[in-house]
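User: Let's go through the pockets here. I'll ask, you answer.

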Amino acid sequence: MSKIDREQIVTTALELIVADGESAVAMRPLAARLGVTPMALYRHFTDRDALLLALVEKVSEEIVIPAPGETPRDTAAALALCLHDFLVTHPWMIRLISTGRLASPAGLQFPEGFLTCARDAGLDDTAGFVFYRMMFAAVLGQATMTSARGQREGTGTLPTEPVVGALPLVASLSDRWPELDAAATPTTVFTTAAALLPAS
């Protein structure tokens with residue numbers, strides 16, 4: 001039986017998760033792919049979560065936090081876009097980090113950054129945490145939509161006229177929906193969300 005090291009396990013697990021998603025990373029099939037017993041993996045990782053955290057930490061090494069902007073709003077919008085772009089590059093991470101179980105030191109720079117923006121804008125801890133949570137939710141949602149859009153062409157569309165007709169505001173925008181959808185870029189969304197901070 002061949003010996004295996006931690007780096008080989010992480011590299012192979014990363015190949016699996018990129019190709020087939022989080023569900024593909026299970027100890028028994030991973031061990032079979034590496035030509036070892038599952039016990040060989042457990043010598044390096046206590047459980048599947050420990051392995052997943054190693055994958056998160058591995059890809060998080062590439063994160064480059066943007067320099068602070070002129071205002072807390074600018075900084076928060078830039079942080080959100082940075083996290084969004086990272087998640088779109090690694091869409092398998094969207095669900096993993098949304099659970100809150102697998103935070104890496106590099107990934108924790110984002111809550112630190114959002115909380116700092118909130119404090120610099122004069123929010124107390126409670127309001128600052130709500131701001132961080134709102135920005136994080138906006139990033140997760142936008143990254144999910146951006147990733148899904150990358151798998152198809154075009155912008156968002158509406159259902160047929162009879163369905164839309166019962167919704168007056170949606171119906172009034174139906175002709176402009178693709179244009180409005182295209183204009184709602186991640187940068188626009190995050191800048192709008194960050195503008196909820198008090199002006200500094």
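User: Start with the second largest pocket. Which element gives the largest share of its lining?
Analyst: Helix 8 does, with four residues. Helices here are DSSP runs (H or I, at least four residues), numbered from the N terminus. This is a predicted model: local features need pLDDT of at least 70, side-chain atom pairs count only at pLDDT 80 or more, and totals for chains, interfaces and linings use all residues. Residues are numbered from 1 along each chain as its sequence is written, and side-chain values use heavy atoms, without hydrogens and water.

User: Which residues line that second pocket?
Analyst: Gln-142, Met-145, Thr-146, Arg-149, Asp-181, Ala-182, Ala-184, Thr-185, Pro-186 and Val-189. Helix 8, helix 11 (177-183) and helix 12 (186-194) each give two or more residues.

User: How do you define a pocket?
Analyst: On a 1 Å grid over the protein atoms alone, a pocket is an open set of points where a 1.4 Å probe fits, with protein on both sides within 12 Å along at least five of seven lines. Lining residues have an atom within 4 Å of a point.

User: What classes are in the second pocket's lining?
Analyst: Five nonpolar, three polar and two charged residues. Ala, Val, Leu, Ile, Met, Phe, Trp, Tyr, Cys and Pro count as nonpolar, Asp, Glu, Lys and Arg as charged, and the others, Gly among them, as polar.

User: Now the largest pocket. What is its volume?
Analyst: About 260 Å³. Volume is the space filled by probe spheres set on the grid points, which are joined across faces, edges and corners. Of its 18 lining residues, Ile-97, Ala-103, Gly-107, Leu-108 and Phe-136 are the closest to the centre.

User: And the classes there?
Analyst: The largest pocket's lining has 14 nonpolar and four polar residues, with no charged ones.
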